[in-house]
Amino acid sequence: MYKARAYACTSPTAALAGTTIPRRDVADRDVRIEILFCGICHSDLHQARDEWHDAVPTTYPCVPGHEIVGRVTKVGPGVTKFKVGDVVGVGCLVGADHTCPNCKGGLEQFCPNATFTYNSPDRHGTAPVTYGGYSESVVVEEDMVLRIPTNLDLAGAAPLLCAGITTYSPLRRQGVGPGKKVGVVGLGGLGHMGVKLAHAMGAHVAVFTTSPGKTEDAKRLGADEVIVSKDADAMKKHSGSFDMILDCVSADHDINAYLNLVRVGGNLTLVGAPEKPLPVSAFALFFGNKTLSGSMIGGIAQTQEMLDFCGKHGITSDVEVIPIQRVNEAYERMLKGDVKYRFSIDMASLKS
Ligand code: NAP
Ligand code: ZN
């Protein structure tokens, strides 16, 4: 075991602060990664503040961070896929059994023995729970490590590891491509990746936002049209017209207003994770044989596929790079929607 510098919070109301955490020594098939950048996902804030208490209670201290990009500094003797110096990524998953039906189906995120990057029981016993990417280094089994295309900016590539795959996976599942009309609700970290990816897949993309000030940005990111969701007339014009709507909102909102915009047989996928349940109108759903579904991140092979797609299309997240010392301020700004469109922590700042 060795000690690594990190930022952690010790209760739902405590600010994140510098600390040291234990990391395991590399085992046979482990890769040790010096973390260069880590994105700030809204899930980090939900869990740091124990907002998902009923579903996934938070164990403290909590070191968030699951949008990790870094450089390999050490490999175990059994490692075959990576070598020292490789630029790699780690997303929300750091372990799975690789033998269950979900793993075999490429859905490691639903493996009964999955280990998440932070706040998940640590099967290696290094600490009670896993500690995430707000840290100088991490040790991960090679099967959970991704390759970052060499043409991508690393600060902007980090958010692909969660926001990228979380939006890519349902867009693919719904067959998004040319001739499809796709709506993205909420232009935040996930939403802006959804817009870029759906646009690159060739779909007609509409953004629904509560922030009129984001209109020009949405168009620059690839939206063909922008609808301010508080404008009832503008919403009505799109009634029953969407093949798919991807809902990326982090807070309470009316999903029935969006179900009404889905075409007959179309789909609304929820990826946002508000603290409280959302009421669903049966009429909004059955009048049109619509489906309402959810989607959680993506498996390892599909995450690599998404990264390769982003490499091919030159897609990264629009990031504001910050030092770790500004993480608490970044959380407050994220809550106010004051981020364009993802914070990416420059982990070199941990050393200062
Ligand atoms: P974010 O950057 O904070 O973006 C959320 C966006 O939602 C905001 O930019 C805002 O967009 C909109 N919004 C916020 N409050 C709203 C309200 N009260 N009513 C309507 N719209 C509101 O968050 P994120 O990192 O993209 O994450 C979004 C959600 O997805 C979080 O709940 C997160 O935990 C969850 N998540 C889920 C998965 C998964 O696997 N399913 C993975 C990662 C994250 P506008 O200003 O455009 O309205
Ligand atoms: Zn995330």
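Predicted model: local features only at pLDDT ≥ 70, side-chain atom pairs only at ≥ 80, totals over all residues.
Residues are numbered from 1 along each chain as its sequence is written, and chains are lettered from A and ligands numbered from 1 in the order in which they are written. Local features need pLDDT of at least 70 and side-chain atom pairs count only at pLDDT 80 or more, while totals for chains, interfaces and linings use all residues; side-chain values use heavy atoms, with hydrogens and water left out.

**Exercise 1.** Describe the surroundings of ligand 1.

Step 1. The shell holds 29 residues, and the closest are T209, T210, S211, K214 and R342. A residue belongs here if one of its heavy atoms lies within 4 Å of the ligand.

Step 2. Sort the shell by type: 13 residues are nonpolar, 13 polar and three charged. Ala, Val, Leu, Ile, Met, Phe, Trp, Tyr, Cys and Pro count as nonpolar, Asp, Glu, Lys and Arg as charged, and the others, Gly among them, as polar.

Step 3. Look at oxygen atoms of ligand 1. One is 2.6 Å from a polar side-chain atom of H42. For S43, the distance from a side-chain N or O atom to a ligand oxygen is 2.9 Å. For R342 it is 2.6 Å.

Step 4. Ligand 1 taken alone exposes 920 Å², of which the protein buries 86% (Shrake-Rupley method, 1.4 Å probe).

**Exercise 2.** Which parts of the chain does the salt bridge between K196 and D318 tie together?

Step 1. The side chains of K196 and D318 meet at 2.5 Å, N to O. A salt bridge is a side-chain nitrogen of Lys or Arg within 4 Å of a carboxyl oxygen of Asp or Glu.

Step 2. K196 lies in helix 5 and D318 in the loop between helix 10 and strand 16 (319-323), so the pair ties together parts that are 122 residues apart in sequence. Helices (H or I, at least four residues) and strands (E, at least two) are DSSP runs numbered from the N terminus.

Step 3. Salt bridges with shared partners join K196, D217, R220, D318 and K340 into one network.

**Exercise 3.** Is K83 buried or exposed?

Step 1. K83 forms a salt bridge with D86, with the closest N and O atoms 3.0 Å apart.

Step 2. Buried means under 20% relative accessible area, exposed over 50%, and partly exposed in between (1.4 Å probe, protein chains only).

Step 3. K83 counts as exposed because its relative accessibility is 55%. D86, at 10%, counts as buried.

Definitions and conventions. Polar contact = N/O pair within 3.5 Å; in protein donor to acceptor, adjacent residues only side chain to side chain.
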